[in-house]
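Below is a note on the model you sent, arranged as numbered points. Please read each point against the coordinates as you go.

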Amino acid sequence: MNFDKDLDARGLNCPLPILRAKKALTEMQSGQVLRIVSTDVGSVKDFQAFCKQTGNELLSQEEGNKEYTFFLKRK
């Protein structure tokens, strides 16, 4: 999947992946896609809730090799 910005949140625990994603999204334009890679197992539910609360779209989430990859589209 194509993305406009990349965020490496590996090794960070809740709430840092969400806070860094929120900051990155504010620097992006509407419709742009942010890719986040995290190792925090809690980030799966966190990003689902974050998108519901903020109106950003969770395009996909993948798990592999103890890493979680999320693609968020800025509202």
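1. Strand 4, which covers residues 67–73, is mostly covered, since 5 of its 7 residues are buried; buried here means under 20% relative accessible area, exposed means over 50%, and partly exposed lies in between, with a 1.4 Å probe and protein chains only. Strands (E, at least two residues) and helices (H or I, at least four) are DSSP runs that are numbered from the N terminus.

2. Before going further, please keep in mind that this is a predicted model, in which local features need pLDDT of at least 70 and side-chain atom pairs count only at pLDDT 80 or more, while totals for chains, interfaces and linings use all residues. Residues are numbered from 1 along each chain as its sequence is written, and side-chain values use heavy atoms, with hydrogens and water left out.

3. Which strands pair with strand 4? Strand 2 (residues 33–38) does so in the antiparallel sense over 6 bridges, and strand 3 (residues 57–64) is likewise antiparallel to strand 4, joined to it by 7 bridges; two strands are said to pair if DSSP finds at least two bridges between them.

4. Individual bridge partners can be checked in the coordinates. F70 in strand 4 stands opposite I36, and F70 also stands opposite Q61, while F71 in strand 4 is the bridge partner of S60. As a general point when inspecting such positions, the side chains in a regular strand alternate between the two faces of the sheet.

5. Another backbone feature to check is the cis peptide bond that joins C14 and P15, for which omega is about 5°. P15 is placed in the loop between strand 1 (5–9) and helix 1 (16–26).

6. Turning to the chain as a whole, its secondary structure comes to 2 helices and 4 strands, which follow the pattern β-α-β-α-β-β along the sequence. The radius of gyration of the protein chain is 11 Å, close to the 11 Å that the globule rule gives for 75 residues, so the chain is as compact as a globular protein of that length; the radius is taken over C-alpha atoms, and the rule is 2.2 Å times the number of residues to the power 0.38. Along its principal axes, the C-alpha trace spans about 30 × 25 × 20 Å.

7. Buried residues make up 35% of the 75 residues in the protein chain. Among the contacts (heavy atoms within 4.5 Å) with a separation of 6 or more, residues 24 or more positions apart account for 65%.
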